[in-house]
Structures are given as C-alpha cells and as structure tokens.
Amino acid sequence: MRGPANRQPPDPTGTSPPHDDQRILTMRLVQNSLHQEVAATLREQIFAGTYAPGSFLDELVLCERLQIPRPYLLTVGTIEPRKNVDRLVRGFAAIARSIPHTLVIAGRWGWKTDPVRRALADPRVRGRVRLLGAVEPADLPILYGGAHAFAFFSRAEGFGFPPLEAMAC
C-alpha cells in the first residue's frame, strides 16, 4: 500500500538515496540552470549588438554576395530529418505561385536527406529555393533581419537558438 501515510520519514543523515521526486527536481534545477546560462549568453550577444539586424545596405550587399533574390523567407539549421525541411519545402511548393519570395535554407547537409532532395526536385520550387550551406556567424543577423519571415519547422530541438536569434533581428 502506497500513500502519504506509508512514506518513510526523510533520512536526517542525508545518506539514503534520493527518491524519484528528488531526482526529478534535481534534473529540473540543472536544466533550468543550463537554460538560464544559455539565455544569459544569448542576451549578452543581443545587447552587445552581435544579434542586431544590419542596415538595408548590409542586406543588399549580403544578398548580392550570397546570390539571394529578394524578397525571401528563411530557415536556419542542419538539413536532417528532425528539422523537417522536407515538409517546409513541400509547403513552400504549395504556395510558391502565389508569392514572390525565394525560400532560403541556411545550413549544412546532415543525414537522411533523401526526403529533402525529393522535395527540392518538385518543379514548382525550381529556381525558387536557395541553398546556402553553412553561413558565417557574422552574416546570420543580416540574413535574419532581411527575411520577410523566418520558418522553423523542427520536430525536436535541444534549445532552439534560431527562433531566438531571428526574434532579436
């Protein structure tokens, strides 16, 4: 029989192994501490100007250098299944005729990329998707700032920096 009446009193010496509730709480405290540390680092970068949008001229120069037609939609991340890039490209294909935008994908190729390659073969997106590969960190804020919209379709993330970076720009 389990319940409050049958719980063992806490060990005053602190030598007994922690209960599941204590383990969960400890894990949450560590997780919160890590998130706060990461958020503080990002906040420092934002307030230091690392993640501030560039000027309109910066955007034009970058788009010329990277051969990005304007206007554009942006996604950032490694091209792999958990990032859901294939679904983003298929969704873009469905609306490509009704909007003037190019879809810009900034990130290196990862693993299991066949679904993305198939989506990119769709004739509706031919000439409308720009694959940048890995992008220099200094170029990211300008890319974010110049995008008409940022798309983030990831199914699983550790912390998810790209949305935070995009919001800062």
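**Exercises around Val129**

Val129 touches Phe92, Thr102, Leu103, Ile105 and Leu120, leaving out residues up to four places away in sequence; contact means heavy atoms within 4.5 Å. The model is predicted: local features need pLDDT of at least 70, side-chain atom pairs count only at pLDDT 80 or more, and totals for chains, interfaces and linings use all residues. Residues are numbered from 1 along each chain as its sequence is written, and side-chain values use heavy atoms, without hydrogens and water.

**Exercise 1.** Find the strand that holds Val129, and its partner strand.

*Solution.* 
- Val129 lies in strand S3; strands are DSSP runs (E, at least two residues; helices are H or I, at least four), numbered from the N terminus.
- Strand S2 (residues 102–106) and strand S3 (residues 129–133) run parallel, joined by four bridges. Pairing takes at least two DSSP bridges between two strands.
- Leu103 stands opposite Val129.

**Exercise 2.** Is Asp86 buried or exposed?

*Solution.* 
- Locate Asp86: helix H3 (residues 85–95).
- Its relative accessible area is 16%.
- Apply the cut-offs: buried is under 20%, exposed over 50%, partly exposed in between (1.4 Å probe, protein chains only).
- Asp86 is therefore buried.
- List its contacts: Pro115, Val116 and Ala119, leaving aside neighbours within four places in sequence.
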